[in-house]
Amino acid sequence: MKFVLIFLTSLLVTAVAGRFQAEAEVRQSQIELSLLEEEVSNTASQIERVRLDVEVLESARRLNDLNETHLSLKTVKASQLADDRDFAETIGVTTADQGPVLPENADVIGNAIGMIDPAIAEKAVGE
């Protein structure tokens, strides 16, 4: 009888110790989980801030203001574009002058845009 009592007591002590160990592991896992959830939340808020910054930096109004302040973007004239004759002159090859490839007043950028989307070209011509 003493043997059974000792066996049951040791079994009970082992079960209590196992339960205590399991509860300790659960508490540790919950702490780690809460830290990970906090990190995910912080990362999500940082991503949202970056998206907002990108949206502000890429806004059409801001880019237009920067263009007006720092750049003098004008319509490109045909005479400003380099072609094969300019390249030949740069490397020292003489070529026969054939006159301009495009008329002097050609709107090269507008024509290129018009080839992609005629509606945009019509709008630009109307302005």
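This is a predicted model: local features need pLDDT of at least 70, side-chain atom pairs count only at pLDDT 80 or more; totals for chains, interfaces and linings use all residues.

Modeller: The protein has five helices and zero strands, where helices (H or I, at least four residues) and strands (E, at least two) are DSSP runs numbered from the N terminus. Along the sequence the pattern reads α-α-α-α-α.

Colleague: What is the mean pLDDT, and where is confidence lowest and highest?
Modeller: The mean pLDDT (the predictor's confidence in each residue, from 0 to 100) is 78, and 67% of residues reach 70 or more. Confidence is lowest in helix 5 (residues 118-126), with a mean of 54, and highest in helix 1, at 91.

Colleague: How many salt bridges are there?
Modeller: The structure holds one, a salt bridge being a side-chain nitrogen of Lys or Arg within 4 Å of a carboxyl oxygen of Asp or Glu. The partners are E23 and R19, at 2.9 Å, N to O.

Colleague: Where do E23 and R19 lie?
Modeller: Both are in helix 1 (residues 2-57), four residues apart, about one turn of the helix. E23 is partly exposed, at 32% relative accessible area, while R19 is exposed, at 58%. The classes are buried under 20%, exposed over 50% and partly exposed in between (1.4 Å probe, protein chains only).

Colleague: Switching topic, what share of the residues is buried?
Modeller: Buried residues make up 5% of the 127 in the protein.

Colleague: And which residues make the nonpolar surface patch?
Modeller: F3, V4, F7, L8 and L11 make a patch of about 540 Å². Patches take residues with over 30% relative accessible area and no salt bridge, joining like charges within 9 Å and nonpolar side chains (Val, Leu, Ile, Met, Phe, Trp, Tyr) within 5 Å. Areas come from the Shrake-Rupley method with a 1.4 Å probe; for residues, only the protein chains shown count as cover. F7 lies in helix 1 and is partly exposed, at 46%.

Technical notes
Residues are numbered from 1 along each chain as its sequence is written. Side-chain values use heavy atoms; hydrogens and water are left out.
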